[in-house]
Amino acid sequence: MSGDTSPQRLTPAQRAGRYAALAALIVGGFFPFIWMVLTSLKSEGELQKFPVQYLPSTLDFSNYARVFSEQPFAQFFLNSLTVSLLSTVLCIAAAVPAAYALARLNLRGRGLLMTAVVTFSMLPVVSLLVPMFRLMRGANLLNTYPALILPYAALSLPIGILTLVAFFSAIPRDLEAAAMVDGTTRVGALTRVVLPLSTPGVVTAALLVFVNSWNEFLLALSFNTKLSMRTVSVGVTLYQGEFAFPWPLIAAAVVVATVPLVLLIAIFQRRFVAGLTAGGVKA
């Protein structure tokens, strides 16, 4: 006896409810960024009009030119890109073997190690600011790229480990066993079998680390005080004056700083979504 496998048809009320929920999700998720873009295209006078004028009367791109003329924002952008990329590479390079060991090897105290990783991931950055500052000053690394790359990689390491442990644990052990029977080593099984199958997880972890590094503010403000070493998260705050807040100019700077993250998510969207969903299969 075969059951009816045809999809259940939605009633008009159910279909309308789904469309309403989708519209609310889109508006709630994209409205802040859209509002920022619209603000960046307005002048100061137009922004202060009452009642609120939601759409600019003319598209004024002068704020974007001022972003690069009033501050060395291109240098800020390059600094953030360099720090974020290198910290991501360093973090993933350390997270892959650590996560593989926790997922596959019969380590004594594995539960304690996982608890330590989770605990460290919940520590507020401000609680580590003073010891890290003293460490960087003692190593003469202030106002250099390593002053941010090393802390960013270390602080994001728990996220990378926890994400990759979930993926490595979901891969059948028989695949590695078959490769090792054929003569490959444990490292070979990791690089030739586990990592290719865990590509969505690696991409997910890398994106999370990159976004965290790109958006970080406190350490970037404290460790790199030279103007030429500022990152975009700190550079955005340099446009405000003592008694004035040029919101259209600040909005333009925020839009420029957000573009790389939007492009990354757009390019790796499928792998990122697959990573977020598949990673929760088995912890």
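Guide: What follows looks at one helix and its two partners.

This is a predicted model, in which local features need pLDDT of at least 70, side-chain atom pairs count only at pLDDT 80 or more, and totals for chains, interfaces and linings use all residues. Residues are numbered from 1 along each chain as its sequence is written, and side-chain values use heavy atoms, with hydrogens and water left out.

The helix in question is α7, residues 146–170. Helices here are DSSP runs of H or I with at least four residues, numbered from the N terminus.

Begin with α5 (residues 110–121), which packs against α7 at an angle of about 130 degrees, the two axes lying 8 Å apart. An axis is a line fitted to C-alpha atoms, for helices over the stretch in contact, and angles run from 0 to 180 degrees between N-to-C directions. That angle makes α5 oblique to α7; angles under 35 degrees count as roughly parallel, over 145 as roughly antiparallel, 65 to 115 as roughly perpendicular, and the rest as oblique. The crossing of α5 and α7 is left-handed, a term used if the near helix is turned anticlockwise from the far one by less than a right angle, with right-handed used if clockwise.

On the α5 side, the contact (heavy atoms within 4.5 Å) is made by R110, M114, V117, V118, F120 and S121. On the α7 side, A154, L155, P158, I161, L162 and V165 take part. By class, the residues of this contact of α5 with α7 are 10 nonpolar, 1 polar and 1 charged. Ala, Val, Leu, Ile, Met, Phe, Trp, Tyr, Cys and Pro count as nonpolar, Asp, Glu, Lys and Arg as charged, and the others, Gly among them, as polar.

Now take α6 (residues 125–138), which packs with α7 at an angle of about 140 degrees, with axes 12 Å apart. The pair α6 and α7 is therefore oblique, and the crossing of α6 and α7 is right-handed. From α6, the residues V125, L128, M132 and M136 meet P146, A147, L150, P151 and L155 of α7. The contact of α6 with α7 divides into 9 nonpolar residues, with no polar and no charged ones.

Definitions and conventions
Helix = DSSP H or I, 4+ residues; strand = E, 2+ residues; numbered from the N terminus.
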